[in-house]
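The sequence and structure are shown first, and the description follows.

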Amino acid sequence: MNSGLEKYYAQRVKHLGNHLLDFETSLEEELLHEFRVELKKMRALIKFLQKIHGKAAVKKTKELLDLVFHTAGTLREFQLIRNWLLANRLTGIEAKFSRENLIPANFGHFFSGHPGFAKKLQQALHKSARLIEKTGQDITDKYAEELKKNILEKINALAPASSWHSIRKLLKQWIYACNWTSLPEQAKNRTLKNFSQLQEAIGIWHDNQLLSNYFASIHSAILKDPYLLKEWGFGTKKINTALKSSSAKVLKLLKNLLLN
């Protein structure tokens, strides 16, 4: 195990396995966040392998990772909305949201519904490790350079807000790829700072968009309830203000990248 790619992959397999055990017994917010980060890092690796070796080579691994990732993502959205409602003391809407979006106290229901999942994932990841061993350092560096070029092309094309989330996925893919490339540190770090700021800003904007979508979805159902309607008006105003602010931050960062 000599290459940076092999070492990084081995670390991700170990960490993902540990987090999977934690996640089986707890939905504590910080644990969920850490688990999703590990899933994203591993999915970035598998996406890279898919690009180099083809879809069929990583099909099983990708399917298993996507399954647990999307489930964890649904839970994260639940926590985002509920925590925001509680933080802003919108107790009426929070009660309605919690009644309509019941989640278990832990992630055990996922494993009971998918028996042997952890073992199947470990086997798939072990198989994908063989592809890692076949992948030379020059290939990883070329991949990172092409990914960066793709990102800058999208930014230079003045991408609309509807494409920001997809750009964020590319940004995170490049950021994760920096862990297994041998690109010059000085140039990499400069770009890493700019891309990290942009992806974080888009993430905040996207969270505000999710909140806005939720409030829009419940409007017709609460029209006859004055108390909920009052909460809805307060919440909508606050979300719109945050959405406007976070959108302006993204646009500013995009403009800065265009000027560099």
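In this predicted model, the buried residues of helix α6 are Phe117, Leu121, Ala124, Leu125, Ser128, Ala129, Leu131 and Ile132; buried means under 20% relative accessible area, exposed over 50% and partly exposed in between, with a 1.4 Å probe and protein chains only. These residues cover an arc of only 165° around the axis, which puts them on the same side of α6; the arc is that of the directions from the helix axis to the C-beta atoms. The face of α6 turned away from its buried side carries the exposed residues Lys119, His126, Lys127, Glu133 and Lys134.

The protein has ten helices and zero strands. Helices (H or I, at least four residues) and strands (E, at least two) are DSSP runs, numbered from the N terminus. Of the 260 residues, 46% count as buried, and the C-alpha trace spans about 65 × 50 × 25 Å along its principal axes.

The table sets out two helices, with the span running from first to last C-alpha; the expected span is 1.5 Å times one less than the number of residues.

| Helix | Residues | Span | Expected span |
|---|---|---|---|
| α2 | 25 residues | 36 Å | 36 Å |
| α6 | 18 residues | 27 Å | 26 Å |

Helix α2 (residues 29-53) packs against helix α8 (residues 164-177) at an angle of about 85°, and their axes are 10 Å apart. Axes are lines fitted to C-alpha atoms, for helices over the stretch in contact, and angles run from 0 to 180 degrees between N-to-C directions. The angle makes α2 roughly perpendicular to α8, a term for angles of 65 to 115 degrees. On the α2 side the contact (heavy atoms within 4.5 Å) is made by Val37, Lys40, Lys41, Ala44, Lys47 and Phe48, and on the α8 side by Lys172, Gln173 and Tyr176. These residues divide into four nonpolar, one polar and four charged. After α2 comes Gly54, with a positive phi near 100°.

Arg89 lies in the loop between α3 (55-87) and α4 (91-100). Arg89 is not a glycine, yet its phi is positive, at about 55°. Most residues other than glycine have a negative phi. With 73% relative accessibility, Arg89 counts as exposed.

Residues are numbered from 1 along each chain as its sequence is written, and side-chain values use heavy atoms, leaving out hydrogens and water. Local features need pLDDT of at least 70 and side-chain atom pairs count only at pLDDT 80 or more, while totals for chains, interfaces and linings use all residues.

Notes
Angles under 35 degrees count as roughly parallel, over 145 as roughly antiparallel, 65 to 115 as roughly perpendicular and the rest as oblique. Ala, Val, Leu, Ile, Met, Phe, Trp, Tyr, Cys and Pro count as nonpolar, Asp, Glu, Lys and Arg as charged, and the others, Gly among them, as polar.
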